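Here are some short notes to read beside the model. Keep the structure open as you go through them.

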Amino acid sequence: MSQANIIPYGRQSISDADIQAVVDVLRSDFLTQGPVVPTFEQAVASYCHARHGVAASNATAALHIACLALELGPGDWLWTSPITFVASANCGVYCGAQVDFVDIDPHTFNMSPVALEKKLIAAKLQGKLPKVVVPVQMCGQPCDMAAIYALSIKYGFKIIEDASHAIGAKYKGEPVGNCKYSDITVFSFHPVKIITTAEGGMALTNQAALAQKMNLLRSHGISSTSTDLEPRPADEIWNYQQIDLGFNYRMTELQAALGLSQLQKLDQFVATRKAIASYYDHALSGVDIQTPWQHPDALSSFHLYPIQVSATSGISQQALYQALTHAGVLVNLHYIPVYRQPYYARLGFKPGYCPHAEDYFKSSISIPVYASMTEAQQRRVIELIQSLCHVKVVKRAVGAGS
Ligand SMILES: *Cc1c(COP(=O)(O)O)cnc(C)c1O
């Protein structure tokens, strides 16, 4: 199969303006630690109606420093969704905390607030309440954040939204990232995500102290802000100190320039993804598969479009995966429940741990959706699925018709 006929599940859209923005930085004085990163941080924060943005080398790094800023450590618990990329859970392990999983809602694939409350009630009795909960805006569809936030007040945990899929999405009419229902929101700018900086991520918050702490941790824990520094001899002229154990998690100027340029097209990217999703909804409505349901409070950014097969679809999940892949449509499963990964299985988790996550895992395939996908490519995906799956049998109500 020639490369031209391959359709990935996701890919970047890079314009001449994006390329020029990166070239301009290459010719400038700063390749890292210059003025473009703060400009990008302010632009994303302002787009999302948040006060502070802290850019990082990737979303995984941003999740790590977000957990540390919330003082997650040994003896603490972090809870997240099992249907996510492993980084949403790994960030807790990095901090020496223990990780646990809350089952998903079978319609939105997001952390279920009902399952969360049930687990909180049990954890409270055992004295094992979580310090941090990480809801994931799966596929770009916002979680029921109002319900999760209400539980955070009742049970006293902090919230990091893993919105790696969801920049450009809206919840109750407001941008994801405004941190109205969370302490920190994290975005990823990996090339398959909504906008890209190649590698890159950002943590948004409305709390100045958290922003300051994350800033410090992403650059070795070194500060040169006079109010941060510890008392020094009067004749000490060197104006920086390492005051905490941080990391080198910085974003470069090249990445920030690409991100700033991509941000100009964010609304257009999301509109295109939404149009592709609507086309799929319509074209696949006659096929015996489940297309993704949208909550009325949510305006998804459509990072992913998972379809679900059932016993009547006429094809198994694995056979559908193989047939599409063989035809050059590089679909994937997002995700294997994190607790099923060998690393987490070694920590004691068993298959079957979260029943709704198991059902999702055994039925879902993410079909291609990205802003630069052509109409011909969309049609090819649709026609392949139509040819592989049974037609939906419409059940008529007894007594209807004739
Ligand atoms: C992509 C992704 C991440 C990690 O993003 P990176 O920028 O690659 O580190 C974390 N969480 C979720 C849900 C993701 O999809």
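This is a predicted model: local features need pLDDT of at least 70, side-chain atom pairs count only at pLDDT 80 or more; totals for chains, interfaces and linings use all residues.

1. In strand 10, His52 has Thr205 as its bridge partner.

2. Move on to helix 3, residues 59-69. Is this helix mostly covered or mostly open? It is mostly covered, with 9 of its 11 residues buried. Among the buried residues are Leu63, His64, Ile65 and Cys67. Several alanines are buried too, including Ala59, Ala61 and Ala62.

3. Look at both ends of helix 3. At its start, a side-chain oxygen of Asn58 comes to within 3.1 Å of the backbone nitrogen of Thr60. Just after the helix, Glu71 has a positive phi of about 60 degrees.

4. Next, find Lys265. It sits in the loop between helix 8 (253-263) and helix 9 (266-283). Is Lys265 buried or exposed? Its relative accessibility is 15%. Buried means under 20%, so Lys265 counts as buried.

5. What does Lys265 touch, leaving aside residues up to four places away in sequence? It touches Ser13, Ser15 and Asp18. With Ser15 there is also a polar contact, side chain to side chain, at 3.0 Å.

Terms used: Residues are numbered from 1 along each chain as its sequence is written. Side-chain values use heavy atoms; hydrogens and water are left out. Two strands pair if DSSP finds at least two bridges between them. Helices (H or I, at least four residues) and strands (E, at least two) are DSSP runs, numbered from the N terminus. Buried means under 20% relative accessible area, exposed over 50%, partly exposed in between (1.4 Å probe, protein chains only). A polar contact is a pair of N or O atoms within 3.5 Å; within protein, one must be able to donate a hydrogen and the other to accept it, and residues adjacent in sequence count only if both atoms are side-chain atoms. Contact means heavy atoms within 4.5 Å.
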